[in-house]
Amino acid sequence: MNEMIKVGMADLNVCVSPNAITTLGLGSCVGIVLYDPGKKIAGLAHIMLPDSTKIMNNGNKAKFADTGIEELIKRMVEIGADRRALVSKIAGGAQMFAFSNNSDIMRIGERNVEATKKILNELRIPILAEDTGSNYGRTIEFYPETGQLLIRSVGNERKIL
Amino acid sequence: MSRIDLNKIDYMQYDVLREIGNIGAGNATTALSQMINTKIDMKVPNVELLEFKNLPDIVGGAEKIVVGILFTLQGSIDGMMMFMMDKPASRHLVNQLLGDNLKSEADKFNEMELSALNEIGNIIAGAYLSSLSGLTNLVITSSVPYMAIDMAGAILSVPAIEFSKIGDKALLIETEFGDDLKAVNGYFILIPTLESYGAILSSLGL
């Protein structure tokens, strides 16, 4: 039986085929999958906030889009991934509650997605697929063997990206 | 004003916070119980300092489908208050409230049922917060209820993100309630900001 590696909120991990990697119940957080298709090495970060430089207490790298992606690349390269071969798939960034006032909390999902895309673009890591925004939670599973990202959500058909 | 250090909460502070959960949830449970005319008990509140990745475990796992009703708090206490129930419990509650003619077993809630759930949330959060306000003499204003029906992890990500701006852990006061038949059970979760914890403790002389 192959292993399914679990990544929690504000957490990240790496995974090599035939194992798979998952994170459950993504809400306004974003699940970032990086993947080296040749070596079949993947990494997954479950980030909560867009920018570590805006926050005083930023010790946990996996909490932020910027430091999370950086740390994920480092961990993947350590186990043999080729930095230049990396591609990505992202999911999450929903707006779970229909807040009426135009506050920060309201747009946090959107801001997480924006920040993630911006950083991936700067690092020249192509985004092959995304399932972001809207108003529902997502559970994602990534299979380095096939490069498929499976997305489950409540009341929707499962998607494969 | 007393300050609270998340990593060094003493027994006295824990006890006071637990007592707040006790009184708040006690009132909320009474309100709920009167509304549906059923005896509802509550458990001893938990005051827990949790890493974000363990947060969904308190309500039975990240993928469990729950109804979450969220209130943002302003005034002397800032933060969020959340009322969470699993789906069968919500269905039971709505049926109790709307009466026999409108009973339904449907998986989805219709407009009227959603509105009833929101109102249930409103009344019991009101009971929780007014007792907290009475106890501490602090002014607490709550928002209108915001509801989502989804995976527990996704719903909890909203208060968790608020907390993640100031630390790597969330301190929450959580109380489980339920009736004898286990038909209605759920959680009250109070998540004040760090400063608000200070305000609460100061107001009680700590």
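A:Cys15 is tucked away in this predicted model, with a relative accessible area of 1%, which makes it buried (under 20% relative accessible area with a 1.4 Å probe, protein chains only; over 50% would be exposed, and in between partly exposed). A:Cys29 is buried too, at 0% relative accessibility.

Because the model is predicted, local features need pLDDT of at least 70 and side-chain atom pairs pLDDT 80 or more, while totals for chains, interfaces and linings use all residues. Residues are numbered from 1 along each chain as its sequence is written, chains are lettered from A in the order in which they are written, and side-chain values use heavy atoms, without hydrogens and water.

Next comes strand 5 of chain A, residues 41-47, where strands are DSSP runs (E, at least two residues) numbered from the N terminus. Seven of its seven residues are buried, so the strand is largely enclosed by the rest of the structure. One face carries A:Ile41, A:Gly43, A:Ala45 and A:Ile47, the other A:Ala42, A:Leu44 and A:His46. In general, side chains of a regular strand alternate between the two faces of the sheet.

Strands count as paired if DSSP finds at least two bridges between them. Strand 2 of chain A (residues 11-16) runs antiparallel to strand 5 of chain A, with six bridges, and A:Asp11 is partnered by A:His46. Strand 4 of chain A (residues 30-36) is also antiparallel to strand 5 of chain A, with seven bridges; here A:Tyr35 stands opposite A:Ala42.

Terms used: Helix = DSSP H or I, 4+ residues; strand = E, 2+ residues; numbered from the N terminus.
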